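Here's a friendly walk through a two-chain model, written for someone meeting it for the first time. Have a look at the picture, then read on.

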Amino acid sequence: MIITSWYLALSAVLFSIGVIGVLTRKNAIVILMSVEIMLNAVNLTLVSFSAQMGDVQGQILVFFSLCVAAAEVAVGLAIIIAIYRNNLTVDITKINLLRW
Amino acid sequence: MITYLFLFFALLALGTAILVVTNKSTVNSALALVFHMLSIAGLYLLLRAQFLAVVQVLVYAGAIVVLFLFVIMLLNLEKEEKLFAEFSFRHAIAFFAGIAVLAQLLYALGSWTGVLPEFADQMIAIGTVEAIGDELFTTYLLPFEVTAILLTAAVVGALMIAQRKLKSQDK
């Protein structure tokens with residue numbers, strides 16, 4: 001029998017991979033993908049706790065988190081398109097309009 | 001059997017997550033992301049959350065990754081050169097921060113092992129569409145409706161931002 005700790009350890013590792021991806025990559029689209037990996041890791045934690053406690057509320061929270069993730073991706077990719085149209089790049093080291 | 005399935009999906013999720021982060025080609029990253037989402041859906045199935053597994057495949061592996069691929073094709077990006085080739089202080093700090101987050105999470109997890117009870121007996125019934133729909137449309141009806149407003153606002157906002165010219169720039 002797989003215990004919940006295995007799922008929690010897996011999602012911790014996945015979350016860390018997402019963190020490293022966000023911090024190291026320069027491509028804005030890959031950074032958004034890494035954010036999706038982090039969101040998925042947290043969702044996995046919620047579902048495993050929900051299965052363990054026999055409580056459906058964790059899965060409902062995951063459902064709402066999915067909706068927010070979909071909205072986030074739609075707006076984020078629109079912002080990337082707008083930035084690309086102005087700067088012809090998605091390299092975040094070259095986008096410095098608001099940087100001091 | 002369940003142990004082997006867990007190991008298979010877990011290794012697939014880990015491998016594809018590393019591929020997403022380390023791949024030079026953005027398209028390959030998006031394709032690895034599809035397999036990552038599918039393996040997460042498999043893990044949901046092992047936890048008997050059937051409804052969420054289906055939603056994961058439909059929304060993440062379907063809609064979101066297609067949106068990513070669409071934008072990648074639209075922008076026509078070329079491959080990045082020298083992903084981690086040159087050593088920079090920024091990368092070193094980033095890796096250190098990632099390892100620190102991992103250590104912190106595993107420490108928190110390690111101090112809680114043993115406290116967690118075994119899987120509940122009623123876990124068979126909670127992941128079905130019936131159980132989730134029952135709770136969603138009674139207790140959580142208002143948040144569900146607010147989600148509809150959120151998605152509408154996101155679609156309108158995305159259209160506004162991605163528009164070719166804003167009206168204020170026309171004059």
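Predicted model: local features only at pLDDT ≥ 70, side-chain atom pairs only at ≥ 80, totals over all residues.

## Chain B at a glance

A helix here is a DSSP run of H or I covering at least four residues, and helices are numbered from the N terminus. With that in hand, chain B reads α-α-α-α-α-α-α-α along its sequence. That comes to eight helices and zero strands.

Chain B has 171 residues, and 25% of them count as buried. If you take the contacts in chain B with a separation of 6 or more, 57% come from residues 24 or more positions apart.

The complex gets an ipTM of 0.91 and a pTM of 0.88 from the predictor. For chain B, the average pLDDT is 85, with 84% of the residues scoring at least 70.

## Where the chains meet

Chain A brings 55 residues to the contact, and chain B brings 68. On chain A's side, helix 1, helix 2 and helix 3 each supply at least two residues. Helix 3 of chain A gives the most, with 19 residues. Sort chain A's side by class and you get 41 nonpolar, twelve polar and two charged residues.

The largest nonpolar core has 65 residues, and the members touching the most others are A:Ile29, A:Met33, B:Leu33, B:Tyr44 and B:Phe68. Chain A's helix 1 (4-24), helix 2 (28-53) and helix 3 each give two or more residues to this core, as do helix 1 (2-22), helix 2, helix 3 and helix 7 (141-162) of chain B. The largest share, eleven residues, is from helix 2 of chain A.

Which residues does A:Ile29 touch, leaving aside those up to four places away in sequence? They are A:Ile80 and A:Val90 in chain A, plus B:Thr26, B:Phe68, B:Val71 and B:Ile72 in chain B.

Helix 3 of chain A runs over residues 57-87, which makes 31 residues. At 1.5 Å a residue it should span 45 Å, and this agrees with the 44 Å between its end C-alpha atoms. After this helix comes A:Leu88, with a positive phi near 55°.

Chain B has a positive phi to look at too: B:Arg48, a residue other than glycine, has one near 60°. You'll find B:Arg48 in the loop between helix 2 (26-46) and helix 3 (50-75) of chain B.

Notes:
Residues numbered from 1 in each chain as written. Chains lettered and ligands numbered in written order. Expected span 1.5 Å × (residues − 1). Core = buried A, V, L, I, M, F, W, Y, C linked by C-beta atoms within 7 Å. Buried ≥ 20, exposed ≤ 12 C-beta atoms within 10 Å, placed from the backbone. Contact = placed C-beta atoms within 7 Å. pLDDT = per-residue confidence, 0-100. Nonpolar A, V, L, I, M, F, W, Y, C, P; charged D, E, K, R; others polar.
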